[in-house]
Amino acid sequence: MSIGHRSLVLALLLCASVLGAPVAAADEVDTTPGTVVAVEELAPQLWLPGTAEAKRITYWTIGSDGRPALSTGAYFVPEGTAPEGGWPVIGWAHGTSGLDDHCAPSLIGPTYPERDRQYLAGWLGQGYAIAASDYVGLGTPGLMPYLDGKTTAHSVVDSVKASRAIDDSLSNKWVVVGQSQGGGAAITTARYATEFGGPELDYRGAVGTGVPANIELALLPLGPGVLPVAGSEALTTYLLYILAGLRYAHPEIDLNSYLTEQGRQLVDRAETVCVVEGEKEFAGTISGDLFTRPLNQIPNFYGLVNDYMGVPTSGYDRPVFIGQGLTDVDVPAPSALSLVAQMKLNGQDVTLHTYPTDHSGALLQSQADSIPFVQRLFQ
């Protein structure tokens, strides 16, 4: 057994002992993606409007190193009687909440509860169950590799598998839906959903809003003297989260050697604060003060970050819906618009809807278009 695998087994055994569950011998641990480790009651205040049943779950998935890793999450079952074949499932990919374990949505709820609870209740009211991953490393051993698309795709797909393993009222038919960080996760999941889900799941399509695509291009000029990140208090926090995630997922690049003392301290701090607190704490940070030398001196830097966080532009086997606010300053419109142009050039089935509103407004306004889009996917 490898050291990495052994540490995960120990984490599992610790989890089981804390929950009072029977402890299996190490050689008997099943780390197959989607395998359920623990089921708990979800705090009542975190139930979405229109929920008949909800649980918090811990399950196996795949980490950024390709090894088995644990993730937590929650699932929500709508009120009423399930249709023949079970409730169709929304695999929900949440927006940025933070990197520290205490930022996990299954523990504290969404970062913007008034927005997200309304939005998710809209799907429940349409007769969809919701499987909501926290993403690997957020609430479990290790650090969440922020914007690592393929790793997050595993977390989302495996949350659907795990939820269905617990509740047989859930159908194997599902779509992925996400906003912001989760918008990028949803679209990347769309590229890999059929492959990662295997024959047990029937993936139908994707909805992403505020999709952070081609963000890796903004990392290329980073270095000493680069101009401050402007336009949104959130952008500096996002940058620090990206650096923290990249440092964790790719220790071989020795990212700390490219950071000033202030840069290392802020990236360390970013690992411990949730996003709303981070936006206040990191306001006024000058990006150029974070670096001792340009990041593009890292060998094959573009190839590395594109593989880590690039949203795929081809290879989709089901329809994709992308919604974008034209006045969005958190994920500016050119990000999603450039992705759609690339996907269309590659012959992908993608539908773009734009809205005269900001980051949050686009999520809520898009539902008038995304609900009928998803309904057609299940017909």
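Trainee: Is Arg269 buried, partly exposed or exposed?
Mentor: Arg269 is partly exposed, at a relative accessible area of 31%. Buried means under 20%, exposed over 50%, and partly exposed in between (1.4 Å probe, protein chains only). This is a predicted model: local features need pLDDT of at least 70, side-chain atom pairs count only at pLDDT 80 or more, and totals for chains, interfaces and linings use all residues. Residues are numbered from 1 along each chain as its sequence is written, and side-chain values use heavy atoms, with hydrogens and water left out.

Trainee: What does Arg269 form a salt bridge with?
Mentor: Glu281, at 2.8 Å from N to O. A salt bridge here is a side-chain nitrogen of Lys or Arg within 4 Å of a carboxyl oxygen of Asp or Glu. Arg269 sits in helix 8 and Glu281 in helix 9, 12 residues apart. Helices are DSSP runs of H or I with at least four residues, strands are E runs of at least two, both numbered from the N terminus.

Trainee: How many salt bridges by that rule?
Mentor: The count is 13. Among them, Glu271 pairs with Arg247 at 2.8 Å. Glu41, Glu53 and Lys55 are linked in a network.

Trainee: Switching topic, which cysteines form a disulfide?
Mentor: Cys103 and Cys274, with sulfur atoms 2.1 Å apart; the cut-off is within 2.5 Å. Cys103 lies in the loop between strand 4 and helix 2, and Cys274 in the loop between helix 8 and helix 9, so the link ties together parts 171 residues apart in sequence.

Trainee: Which hand?
Mentor: Left-handed, with -105 degrees about the S-S bond.
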